[in-house]
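Please open the structure in your viewer and keep the selection tool at hand.

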Amino acid sequence: MTAAATPALRTQARYLAWRSVIRTMRTPIVIVPPLVFPLFLLAINASGLSAATNIPGFPTSSYLAFALAFPFMQGSIFATNTAGTNIAEDIGNGFFNRLALTPMSGPSLLAGQLTGVLLIGSLQAVAFLAAGLAAGATLQSGVLGAFVLFALSLSIAAAFGAVGLFAGLRTGSSEAVQGLFPLMFILLFLSSASLPRDLISSDWFRTVATINPVSYLIEGLRSLVIVGWDPEALGLAFGIAAAIFVVALGLATLALRDRMVRT
Amino acid sequence: MSRRRRYWSVLRTVAWRNLHSVIRAPALLLPPLAFPLFFYMAFAGGLSTVGGLPGFGYYNYDAFQFVFVLLQSAAFGGVFIGFSIGADFDSGFTRRLLLAARDRSAVIAGYGVAGLVRAVLVWVVVFGIALATGMQVGGNGIDLAGLVGLALVVNVAAFLFAAGVMTRLRTLQAAPAMQLPLFMILMTAPIYVPRNLLEGWISSVAKVNPFTAIIEAGRSLMAGDPFHILLAFAAAGGLAGLLTMFAWRGLRKAEAAG
């Protein structure tokens with residue numbers, strides 16, 4: 001095929017993105033758990049831990065508002081699984097090999113695969129915020145804050161989706177990608193998700209939460225709900241999400257190149 | 001060979017096969033071990049400040065969470081054995097076992113015994129780590145034996161539930177049907193704080209959740225101040241009795257399905 005006949009990068013990405021979206025929409029099991037499970041945990045934690053707001057120095061009187069960042073983060077962790085499993089399945093069922101015979105470029109492939117993840121991320125963001133507001137939480141940063149919350153949530157989903165892409169491309173096994181899920185959950189629970197870092201009395205836990213990047217992602221999301229506009233928290237959250245995205249995408253690109261050679 | 005000896009022979013063989021697979025692949029023991037440890041670390045470490053709240057009224061937050069983690073691992077230990085039953089159905093092994101055994105309930109009982117042994121192994125490790133990291137035990141030996149007894153009944157009840165589900169659905173893909181109901185029962189009990197500090201809908205749900213009586217009695221035994229022990233054993237034993245019927249009928253359905 002001549003260079004002139006090769007579709008533009010954007011067109012290639014669009015085809016793969018459309019495939020990713022259709023594939024996601026046709027698989028309810030990929031959409032439903034990332035929506036329902038975080039909402040269930042939010043309902044339990046918001047009610048079960050509401051007494052924590054009585055701890056002196058707790059930053060808000062509503063534990064629901066405090067915990068609202070948790071489902072956003074948990075939903076993003078599901079993105080790792082979705083992206084990684086999808087690409088590992090493509091490798092396993094031979095679609096990837098057939099794609100490698102076409103002039104499809106690597107960046108289009110990665111961008112296309114991430115689109116399905118971002119679609120789920122968007123649905124999650126709308127559902128979580130709507131559920132939170134319906135249950136009585138208020139957004140201290142206002143309407144504009146809701147848009148920033150969506151943007152940060154999608155940035156985090158893209159970052160963890162890129163981690164999933166790397167895992168899927170590197171291992172070519174959906175089982176191996178599934179094995180990442182508990183690890184991601186550990187990162188979530190060993191963070192400042194349940195209490196602010198300065199109120200964690202266990203020294204080792206506070207240290208782990210402080211070096212755990214997930215704490216800063218959650219604190220960025222949470223700041224929009226309970227504080228308003230906190231440039232430091234937002235800067236750290238967006239910066240860490242971008243750093244994870246860049247590093248994971250770079251690794252995924254290298255893994256893709258390696259897999260193309262092996263193919 | 002008498003009927004009783006045949007029964008024990010089948011039970012022992014199935015239990016040993018399952019335990020042998022764990023010995024050959026210790027990684028199988030990793031999820032049942034890792035999850036309780038992780039929850040203990042995350043809850044006892046991350047939420048220990050909650051233990052100082054006015055009205056909390058329990059002597060040690062680590063011990064408060066340990067009881068939940070112990071009972072949770074007992075319940076999920078039963079469910080993890082359900083995975084083995086499902087996987088054996090998928091590979092056709094369970095069907096061959098059911099064909100070979102004269103009294104087929106011995107096959108299910110064999111899985112149950114394996115589940116119990118695996119759960120006890122997990123508890124030994126979790127208990128050892130909790131003690132090594134500073135958890136204080138308020139109860140004496142009899143109280144702790146009561147706590148372990150309660151956990152054993154919970155393990156059996158959860159196993160019977162998992163066996164009932166798996167003998168009906170006969171595939172590992174049905175795993176969420178075992179996990180989700182159990183997860184919901186466990187999580188709607190007073191996990192983080194005592195019942196008097198619960199607010200909102202979970203306070204109402206916790207009142208009627210049978211696992212609340214079990215976890216509260218377990219915590220009272222750990223503290224050395226037994227409270228509503230008979231109620232807890234009655235709740236766990238009653239559930240186990242009902243679930244025995246559920247598992248038995250599931251086995252009949254599996255037999256009928258061939």
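Begin by selecting B:R170, which lies in the loop between α6 (141-169) and α7 (175-187) of chain B. Helices here are DSSP runs of H or I with at least four residues, strands are runs of E with at least two, and both are numbered from the N terminus. The model is a predicted one, in which local features need pLDDT of at least 70 and side-chain atom pairs count only at pLDDT 80 or more, while totals for chains, interfaces and linings use all residues. Residues are numbered from 1 along each chain as its sequence is written, and chains are lettered from A and ligands numbered from 1 in the order in which they are written.

Is B:R170 buried or exposed? B:R170 is buried, since 20 other C-beta atoms lie within 10 Å. (A residue is buried if 20 or more other C-beta atoms lie within 10 Å of its own, exposed if 12 or fewer, and partly exposed in between; C-beta atoms are placed from the backbone.) Although B:R170 is not a glycine, its phi is positive, at about 55 degrees.

Next, select B:H228, in the loop between α9 and α10 of chain B. B:H228 is also not a glycine and has a positive phi of about 55 degrees. B:H228 counts as partly exposed, with 14 C-beta neighbours inside 10 Å.

Helix α9 (residues 210-223) and helix α10 (residues 229-257) of chain B pack at an angle of about 135 degrees, their axes 8 Å apart. (Axes are lines fitted to C-alpha atoms, for helices over the stretch in contact, and angles run from 0 to 180 degrees between N-to-C directions.) That angle makes α9(B) oblique to α10(B); angles under 35 degrees count as roughly parallel, over 145 as roughly antiparallel, 65 to 115 as roughly perpendicular and the rest as oblique. Among the residues that meet are B:P210 and B:L221 in α9(B), and B:I229 and B:L239 in α10(B). Two residues are in contact if their C-beta atoms, placed from the backbone, lie within 7 Å. By class, this contact of α9(B) with α10(B) has 11 nonpolar, no polar and no charged residues. (Ala, Val, Leu, Ile, Met, Phe, Trp, Tyr, Cys and Pro count as nonpolar, Asp, Glu, Lys and Arg as charged, and the others, Gly among them, as polar.)

The residues in contact include B:F64 and B:F68 of α3(B) and B:G218 and B:R219 of α9(B). This contact has eight nonpolar, one polar and one charged residues.

A:S202 is partly exposed, with 18 other C-beta atoms within 10 Å. Leaving aside neighbours within four places in sequence, A:S202 is in contact with B:G45 and B:S48.

Finally, select A:M73. Not counting residues up to four places away in sequence, A:M73 touches several residues, including A:I156, A:L188 and A:V214.
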